Amino acid sequence: MATASPRRPGSAGAVAAVDPGAVERRTLEIGRELFARVRGASGPLRRSWWENQFMDWTLDDPEVRAQLFRFIDVLPALRSPEAIRRHLAEYLAEADGRAPWWLRTALAWSPPGTDRERWLAASATWAAETMAHKFIAGATPDEALETVLKLRSRRLAFTADLLGEAVISEAEADVYQQTCLDLIRGLAAPLAAQPEIPLIDRDQNGPIPRVNLSLKLSSLTTHFDPIHAERSIDEVGVRLRPILRTARDLGAYIHVDMEQYHYRALSYELFKRVLAEPEFRDWPDVGIVVQAYQPDAEDELRDLLNWVETRGAPITIRLVKGAYWDSEVLTARGLGWPEPVHLQKWRSDASYERCTRFLMEHHQALHPAIASHNIRSLAHAIATAEALGLPKAAIELQTLHGMGDAIQDALVGLGFRTRVYTPYGAMLPGMAYLVRRLLENTSNDSFLKASAGAGAPIDELLRNPEETGAMLARSRPQAPAPSSDSSPSSPLPPFRNEPITDFAKAENRRAMAEALRKVERELGQTYSLIINGRDVETPGRWIDSHDPSQSSRIVGRVASAGAEHADAALESARAAVSTWGAVAPEDRAAIMVRAAAIMRGRRFELSAWEVFECGKPWREADADVCEAIDFCEFYAREMIRLAVPRVRDAPGETNRCEPLPRGVAVVIPPWNFPLAIPCGTTVAPLVAGNPVILKPAEQSPIIARKLVEILHEAGVPADALHYLPGPGEEVGQALVNDPRVDVISFTGSRDVGLLINRQAAETPPGQNHVKRVLAEMGGKNAIIIDDDADLDEAVVGVLASAFGYAGQKCSACSRVVVLEGIYDAFLARLVESAKALKIGPAADPETFVGPVINAEARKRILEYKTLAQSEGRVVLDLDVSSIADQGFYVGPMIVADARPTARIAREEIFGPLLSVIKARDLTEALAIANGVSYALTGGLYSRSPENIARVRREFRVGNLYINRTITGALVDRQPFGGFKLSGVGAKAGGSDYLHEFLLVRSITENTMRRGFSPEEMAGI
Ligand SMILES: Cc1cc2nc3c(=O)[nH]c(=O)nc-3n(C[C@H](O)[C@H](O)[C@H](O)COP(=O)(O)OP(=O)(O)OC[C@H]3O[C@@H](n4cnc5c(N)ncnc54)[C@H](O)[C@@H]3O)c2cc1C
């Protein structure tokens, strides 16, 4: 095989002047010609015509389309005709009778347990496989070669893409690498032996590689995450270099696909870093994708051009619009981030044309590969190349296998090198790809869909996108910018959750690293109590707060309160009941909003304190600070809402219900959400007008102190908030038992919660009220894995729920109940994936599992780990011996075949120990999941609408999550709290919560005076 000659980048300088009008006229000419060729080549005599018709007939209705895509998605996981029939029936039932008649008839004709059911299942599988084969080139190297040779016979070049979206274990990343290597080696010799086809085997400079492979960087490691960019680059580099070396040795070409926005900056950085290494820097047979749907696509091109000029050898740029539009928009909106893509189709199209022009102008450095099925985009690219005088061989046009076959032939007919992206791999990992292609083919914004059918108006389809934009602007005059406040009477804009930090942005990573350095310099200080605004020392009595990641390090020394301090704080708080309660609710709310603003301004610093004091990894710490901000903002709005009296006037009588603060609130939060829970449980009673005494956890007193300082700074009066760190048995007890206390808000262990509940029920002489207790007391949370679950998602979701923050969340998953049909497959992937979990100090951004909170916790968890040896089959016990002497580390453990009645499967462990329990069917799984004394969170991974509906009805937990992680409840969106022995009281972050801190007075006034009432008089 001819090896490619190195090609040097040309000067980016001299650019021929181009007349835009001429380019536009020529674009339309070329576009019409392409349309003529495409339409001439399609019709009922071509298979593709029937395929398109079939898709149109079947997938036109969006609801039917969504349900059928869900069916295709689950199909490879279904193992029996019964399961296939059932899922199809369930999905079509969701489409509300809008499914095509023939599908409904086929279902009705194939009742369960009959031969016809088997026929239906076989037909459905055949139809999905046929559809998959349209887009997927084959599952073995031989099939891939066969497809490639067929393409060559049509004078089409190819790029092979290995299917497989997410790798969730290092073993899977190894397989991906190996398959890349096998594919290059397997195709190199047979293709070298083929006679040359100059159109596709040469460019204007000479021979080009015949083997062309597209790969995804994220498939080369499980740890592809911008939060630790450097290590991602290292790890991917280790698997990427052998692929590059092999490709170079065998004269093959490697192209890097572009994935979601989250990976984008990291992918470019990695690409540039590795390909600038001495070994590869003169190698031109590489390329990367630029996505025109992202607003900074042109900047990216400029950046790549600069890089190529310093590197010295050219690369290829595949210009696409972008394959992830829907998910980018949904993800960003879900997180409250700005969407990273254009939001109007014409903008993506116009950006594509600007990028095309840029590429053509710099074609010697950035070889243009124009990847699109949009005839306007392609025609514009050809016209621009012509106008700039580029030889045809200087550009390449690219399409996807199975999409626009007629376009491919038309482009070849015009004499252009056309490369077909040919996905290769098994059906199962291919389903995500197939669904993406189907979505694209059927999306209303898709050119392919719009241009299908002989009647589609060509002039409209070929319209310049800028013109489309101008027309849209004329037809839809700009609406006035919506005010951020939807309700003119509310002093505050509507609540929205504080967006978590996007660590894909380098500036955020830098800010966090800087905050860690700053806080590290502040470690080791001493802190006093705060009673009535005064710092109070406790000579000789200290709490040392240790860094769990580095246990010898003292984060700070905090004064430790005793009963006498409780008395002083209570005295002051009691006095504030009338003054703080008399502050207008809106003014109290405004203080909380100010506190939120202060936290927002200091978010990285507060996160850094969490990293050091509680061993929270970056993302966990950041989410905790966001939740604290949410609590301030949310409860502020709630108070304003509740302060409006409820009015039920009747003739001659006014009736008002008005809220009143209860009195003094004692808040006893835990350490595991060191800012959010103290903040939420303090701010709620405060904003409701109750003075608060905060007794923080002994493990996290410094962050709690920061909170109190912030609330005072925001305007909470000195006597309305007191800070009393100290031992629970001493100062905690004194507070709980004191008759001056009206409300106790506790979050922590069940034993302590129940004790407080009992003690608070006492009404000693002199106490004229019954104390209100809110207690959040933990869980033994289960996730059920149905036998049709998506294992890629289930495994990742279970691991995150079980081992995030080392399992130290009351919402954490500690039991996974798996249906026997999928048990072995799930367990194998779970264990393999868990092996890749990074354990280490919380300050390291790569850490997923940090330390546990202290030595006592570690000892207790280790005892459970010992017990696990006899209560189940230990299938994973990650080794932490190399860091064990530095901090309180415990290796995550997975215990298979656990009995539901085993202690490890019943008792709350609060650490990284996960029991895996087998269930015969969903009935048994639900019985196991419900069979504990807790009812906090629970989860289900299933793709069966009926099973989902049943679990919704029968899984009795406070927070049920379906097909997602079971931790990370958001304020307002997912009010949080459980029942049974998981807790008493309203859900935190929900609309009932403030009621816990309010009394309600109903005030009735008889306004009748001798037969008339003022209201009626006014009405006459
Ligand atoms: C050979 C080849 C390789 C590819 N490789 C990649 C890759 O590595 N990474 C990648 O992300 N994509 C890749 N794609 C692109 C992607 O898969 C789609 O094929 C492509 O976006 C469809 O664009 P089009 O020009 O063919 O069709 P068109 O119908 O003209 O454009 C559809 C595209 O417009 C954009 N869009 C849709 N609705 C809107 C809207 N409301 N507002 C703004 N924009 C909108 C979306 O990007 C959508 O995909 C590749 C495409 C080809 C042909």
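A pocket here is an open set of points on a 1 Å grid over the protein atoms alone, where a 1.4 Å probe fits, with protein on both sides within 12 Å along at least five of seven lines.

The model is predicted: local features need pLDDT of at least 70 and side-chain atom pairs pLDDT 80 or more, while totals for chains, interfaces and linings use all residues. Residues are numbered from 1 along each chain as its sequence is written, and side-chain values use heavy atoms, without hydrogens and water.

Select Phe-746, Gly-748, Ser-749, Arg-750 and Val-752. Of the 42 lining residues, these are the closest to the centre of the second largest pocket; a lining residue has an atom within 4 Å of a point.

Now go to the ligand.

Next, show the polar contacts, pairs of N or O atoms within 3.5 Å. A side-chain N or O atom of Gln-291 is 2.8 Å from a ligand oxygen. For Ala-323, a backbone N or O atom lies 2.8 Å from an oxygen atom of the ligand. Lys-345 places a polar side-chain atom 2.9 Å from a ligand oxygen.

Finally, show the ligand surface. Alone, the ligand exposes 940 Å², and the protein buries 94% of that, by the Shrake-Rupley method with a 1.4 Å probe.

Conventions. Polar contact = N/O pair within 3.5 Å; in protein donor to acceptor, adjacent residues only side chain to side chain.
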